[in-house]
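Please have the sequence and the model open while reading this note, which is written for a colleague who is new to the structure. The points below are meant to be read in order.

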Amino acid sequence: MSDSNEETAEFIRLLTESQRTLFQYIHSLIPHRNDADEVLQETNLVLWREYHQFQHGTNFRAWACTVALNQVRAFTSKRRAKRPFFDTDTMMLISERQQKKSAYFESRLDALERCVKKLPQRKRMFVDKRYRIGFTIETIAKDMGSTVDAAYKMLRRIREDLHTCVDRTLSQEGLGK
């Protein structure tokens with residue numbers, strides 16, 4: 001695979017992974033779901049058209065949110081006569097808060113992945129079966145040769161351990177609440 005193909009594949013992966021975040025960000029600025037869907041599609045087109053401007057290794061979501069904000073502005077200026085929208089100052093305030101919130105949750109997700117890797121093998125397998133594969137608690141209990149009640153208790157303890165680990169990790173990195 002050539003560098004160009006690898007960069008294109010990486011860009012597509014980043015774009016695909018960011019769709020939910022982009023939609024939530026856009027929808028926080030545009031209250032009507034159909035309008036937010038329309039702006040997301042326009043944003044995707046601009047991102048694809050301008051992907052050569054993206055600096056690989058930098059924060060893709062921040063760049064994509066900036067493009068999305070510009071598309072929201074364009075959309076609202078075209079539609080202002082038809083529907084009331086937030087004024088620019090309000091939109092910028094919401095935009096800032098959403099970007100901070102998104103960065104915080106991204107940090108929590110990264111910390112969670114690291115904490116799951118630190119779990120003992122048995123607990124990590126339990127988490128994988130439940131959340132990555134999607135097995136029911138009943139199936140996992142049967143596989144482990146345990147009762148359903150014991151499996152639920154183990155899951156509760158794992159969740160508590162992961163929650164504590166994530167909070168501690170973020171605190172150590174200066175990213176706590």
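Over the ring of which residue does the charged end of Arg 130 sit? The ring is that of Tyr 131, and the charged end of Arg 130 is 5.8 Å from its centre.

1. Confidence. This is a predicted model, and the mean pLDDT of the protein chain is 84, with 92% of its residues at 70 or more. Confidence is highest in helix H3 (residues 33–49), where the mean is 93, and lowest in helix H5 (residues 88–118), where the mean is 78.

2. Aromatic pairs. The structure holds 8 aromatic pairs. One of them joins Phe 11 and Tyr 51, whose ring centres are 4.8 Å apart and whose planes make an angle of 40°, an arrangement described as tilted. Phe 11 belongs to helix H1 (residues 3–17) while Tyr 51 is in the loop between H3 and helix H4 (60–79), so this pair ties together parts that are 40 residues apart in sequence. Trp 48 and Tyr 51 also pair, and because their planes are at 20°, with the ring centres 5.2 Å apart, this second pair is stacked.

3. The aromatic cluster. Ring pairs link Phe 11, Trp 48 and Tyr 51 with Phe 54, Phe 60 and Trp 63, so that the six names form a cluster. Phe 11 counts as buried, since its relative accessibility is 0%, whereas Trp 48, with a relative accessible area of 42%, is partly exposed. Phe 60, leaving out residues up to four places away in sequence, touches Phe 11, Leu 14, Leu 15, Ser 18 and Phe 54.

4. The largest nonpolar core. This core has 25 residues, and those that touch the most other members are Leu 22, Tyr 25, Ile 26, Leu 47, Phe 60, Trp 63 and Val 72. At least two residues of the core are supplied by each of H1, helix H2 (19–29), H3 and H4, and the largest share, 9 residues, comes from H4. Another core lies apart from this one; it has 17 residues, including Val 127, Ile 158, Leu 162 and Val 166.

5. Helix H3. H3 has 17 residues, and the 24 Å between its first C-alpha and its last is close to the 24 Å expected at 1.5 Å a residue.

6. Once neighbours within four places in sequence are left aside, the contacts of Gln 71 are Val 39, Glu 42, Thr 43 and Val 46. Thr 76 also lies in helix H4 and is buried, with a relative accessibility of 1%. Between the C-alpha atoms of Thr 76 and Phe 60, which are 16 residues apart along the chain, the separation is 24 Å.

7. Helix H8. Running over residues 148–172, helix H8 has 25 residues and reaches 36 Å from its first C-alpha to its last, close to the 36 Å expected at 1.5 Å a residue. Its buried residues are Ala 151, Met 154, Leu 155, Ile 158, Leu 162, Cys 165, Val 166, Thr 169 and Leu 170. Just after H8, Gly 174 takes a positive phi of about 75°.

8. Met 154 is buried, with a relative accessible area of 8%, and its C-alpha atom is separated by 8.9 Å from that of Phe 126, which is 28 residues away along the chain. Thr 169, also placed in helix H8, counts as buried at 8% relative accessibility. With its neighbours within four places in sequence set aside, Thr 169 is in contact with Ala 111, Arg 114, Cys 115 and Lys 118.

Notes. Residues are numbered from 1 along each chain as its sequence is written. This is a predicted model: local features need pLDDT of at least 70, side-chain atom pairs count only at pLDDT 80 or more; totals for chains, interfaces and linings use all residues. Side-chain values use heavy atoms; hydrogens and water are left out. Helices (H or I, at least four residues) and strands (E, at least two) are DSSP runs, numbered from the N terminus. The expected span of a helix is 1.5 Å times one less than its number of residues. Buried means under 20% relative accessible area, exposed over 50%, partly exposed in between (1.4 Å probe, protein chains only). Contact means heavy atoms within 4.5 Å. pLDDT is the predictor's confidence in each residue, from 0 to 100. Rings of Phe, Tyr and Trp (its six-membered ring) pair if their centres lie within 6.5 Å; planes under 30 degrees apart count as stacked, over 60 as edge-to-face and the rest as tilted. A charge sits over a ring if NZ of Lys or CZ of Arg is within 6 Å of the ring centre and within 35 degrees of the ring normal. A nonpolar core is a set of buried Ala, Val, Leu, Ile, Met, Phe, Trp, Tyr and Cys residues joined through side-chain atoms within 4.5 Å.
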